[in-house]
Each structure stands twice: as structure tokens, then as C-alpha cells.
Amino acid sequence: MSTYPTLPADLIPADGRFGCGPSKVRPAQLDAIVRGADIIGTSHRQPAVKNVVGEVREGLADFFQLPEGYEIVLSLGGATAFWDAATFGLIENKSAHLTFGEFSGKFAKASAQAPWLEEPQVVAAEPGTAPSPSELDGTDADVIAWAHNETSTGAMVPVVRPNAEGLVLIDATSGAGGLPVDMKEADVYYFSPQKCFASDGGLWFAAMSPAAIERIAKIKESGRFIPAFLDLQTAVDNSRKNQTYNTPAVGSLLMLADQVKWMNAEGGLDAMVARTTANSEALYAWADAHELATPFVQDPASRSLVVGTIDFADSIDAAELAKALRANGILDVEPYRKLGRNQLRIGMFPAIDTADVVTLTRAIDSLLEQGVGAK
């Protein structure tokens, strides 16, 4: 077994969690579970739990400054389940997709495999780059989709409506809460809460426009077969009652409610974007100036504020660096497994303090100076 150097205390971040989901959870969120312990194990159809769901929905509506008529809808299964639900309940005939990594490609794949839909239009960009929404101008698709943030590569694409008629669906799982967004530019902005919102997975939330809610009702009324678990009309109906079709994990909701309350109290979305911007500036400035490291995403405007991917020179084994960091309590900076690059991937979500990002870069420098990872 390899033995790695022990870093001094001043090179250990106050919190060593830099995972890209699940992400760092603030201690106050765990305290919220304790405070709400009396409702764990009680019916999710009764006011105590429904009040927590209502608090989350109202808090998210405030956080995103939802336009008139938009609603927060939720259900179980995470964003992976939402892709399947969208193929049943939001795409009428055809979808168009920007793909630029693993997760943006998964929705396109789900659409392509649905036998009741036409072959989707796919505009693909190389991992590490970010396509423009304008590349879907003029599409005849009735749903237009891309990821706000590609978690696998650390590239981000702005939420701007193309010049087309379709509903705009944005996978915001790693971006929601840490990237700027004008919700009028999207019809469905959906996400799981285990990234910026620092809760557990297994749920999905979506800010839906009136047009999206109308589309869901239209498809439901058409008689299309929709599995009960993936029925978006059921999700809309239950969300309006502050409940879910299936039993939710109440502990996750308590953690999420506390995080949303904290984010709003700190100044809302603008304040959270300021935090992620400071985190990303610290990381990318370090990498840009480093002789052995460089940001994977070359275009500075496309570099994610919430997921930083840093390539290392061929003379350095980044996997060994990650192991040495883990041995010192600095966790989950390994690259996305399927990307297969010699890099570190670093979460920079709102709950992560910029001082810890700076300390992380200093820790990496110290390990490199000691020869860790040298080939």
C-alpha cells in the first residue's frame, strides 16, 4: 500500500468535501434533520410533512424569482427519472438537443430510444467545449434541450431561448443555485438537489412555465400511455397539494428546506453566484498560472462556476494526487470516470468557502513539490 505525505494543518481545508454530487452539506442542514425528527416517520399526506414541501416550493420560487404563472413541481427519482418522464409527458413528436458531455447526452439518448417519438435532432460538441443555443435556431422540434452545466466536463452553456417555437427544457442539476439564470428563458428548469442545494439525491424539482404545464395536460389528455411513476400531470397535481405521488425521503426535504432558507437569507441567487464566481476565479487563476496544470475547458467564458476540471501534464499522475489528497481528508476530487482524463474535478458549489478552494490549491502544490504523482 502506498504511503502519502501528511499535509500540515494549514494546508488542510476547514472542510475537505469537494465532490460534484453528492456535495458538501452544511452542519446546519444536519441540525435541521434533528429539529425535524418528530415528523420523520409520519405520513407525507399530513400537514407536518406537507408544510416542509410547501416551504421548499415557496423558497425556491423566491430564490429563482419565478415569473408569473411559473410553478415549482417536484417528484421522485432524480433527473434521470425526469428524462424518461419528459419523453412521455413533454415531448409531443420530436426533441432537439445540445450535447457536450455525458449528462447532456443522456436525455438525447432517452428521446432516441422512445419508439413513439421521431428521431431527435442532436447538435454535438466535443467534451470540454460548450455549444451555443443559437445552433438550434429554426429547429422544428417541439422540445429544445440542453444542460446548464455539464457535470462531467465542467463546461456551462447559458440559458437563452433559441429562435424556435419549441419548449426549452434545461437540465440544471449541477447548475441550479450556482449559475445565473433568467427563468423567462426556459420553460422547464429541472434539477436534483444534491449539488448546489446540498441535499440528498432521489428527488427532482422543476420550475415550469404555463406553456410547459399546458403541454403536460395536452399530452396526458391525448391518451398516450404514461407509466404512473413518470406521469408529469400526477406530479403537477400532487405538487400543488405540497406532496408527492410516492413517499419522499423526509430527511432530504428537511436538509433542502434549510439550505434554501440559508441561500435566500444570504441574498438569493445573485449572492450564491457571487460565491461560486469567487470559488471558480480562485481555482482557474491558480491553474492558468501553473506550469503543470491547466483548465480543461479552454474558453474562459465556458468554464463552469460550479464544477472545475483541471488537466495535469503528462509527467503527473492526477489519480495519485487524488489519492494523496484523500489520505489527508480532502475528498472526491477524482475526474468523471467515463471522461478518462488525467485531471482533477473540483466542486465549487455555494456551500463551499473560497478559502477552502485556495487551501486546496496550496495542498496540491505541496504534494507536487514532494514528488507525489511524478511519473
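Predicted model: local features only at pLDDT ≥ 70, side-chain atom pairs only at ≥ 80, totals over all residues.

Biologist: With which residue does lysine 106 form a salt bridge?

Modeller: A salt bridge pairs a side-chain nitrogen of Lys or Arg with a carboxyl oxygen of Asp or Glu within 4 Å. Here the partner of lysine 106 is glutamate 102, with 4.0 Å from N to O. Glutamate 102 is likewise partly exposed, at 24% relative accessible area.

Biologist: Why are lysine 106 and glutamate 102 separated by about one helical turn?

Modeller: Both belong to helix α4 (residues 102-113), and they are about one turn apart because 4 residues separate them there.

Biologist: How many salt bridges does the structure hold?

Modeller: There are 21 salt bridges. One of them joins aspartate 353 to arginine 275, with the closest N and O atoms 2.9 Å apart. Aspartate 353 sits in the loop between β12 (343-347) and α10 (354-369), whereas arginine 275 is in helix α8 (residues 268-289), so this pair ties together parts 78 residues apart in sequence. Both side chains are partly exposed, aspartate 353 at 35% and arginine 275 at 24%.

Biologist: Which residue does arginine 303 meet in a salt bridge, and is arginine 303 buried or exposed?

Modeller: Arginine 303 meets aspartate 288 at 3.2 Å, N to O. The arginine comes from the loop between β10 (293-295) and β11 (307-312) and the aspartate from helix α8, so the bridge ties together parts 15 residues apart in sequence. Arginine 303 is buried, at 10% relative accessible area, while aspartate 288 is partly exposed at 48%.

Biologist: Which residues are linked in a network of salt bridges?

Modeller: Such a network links Glu92, Asp142, Arg215 and Lys218.

Biologist: How should I read helix α10, and what covers its buried residues?

Modeller: One may compare its span with the expected value. The 16 residues of α10 reach 23 Å from first C-alpha to last, close to the 22 Å expected at 1.5 Å a residue. Its buried residues include Val357, Leu360, Ile364 and Leu367. Among the elements that cover the buried residues of α10 are α8, β11, α9 (318-327) and β12.

Biologist: What follows α10?

Modeller: Glycine 371 follows α10, and its phi is positive, near 90 degrees.

Technical notes:
Residues numbered from 1 in each chain as written. Heavy atoms only, no water. Helix = DSSP H or I, 4+ residues; strand = E, 2+ residues; numbered from the N terminus. Buried < 20%, exposed > 50% of the residue type's maximum accessible area, 1.4 Å probe, protein only. Expected span 1.5 Å × (residues − 1). Contact = heavy atoms within 4.5 Å.
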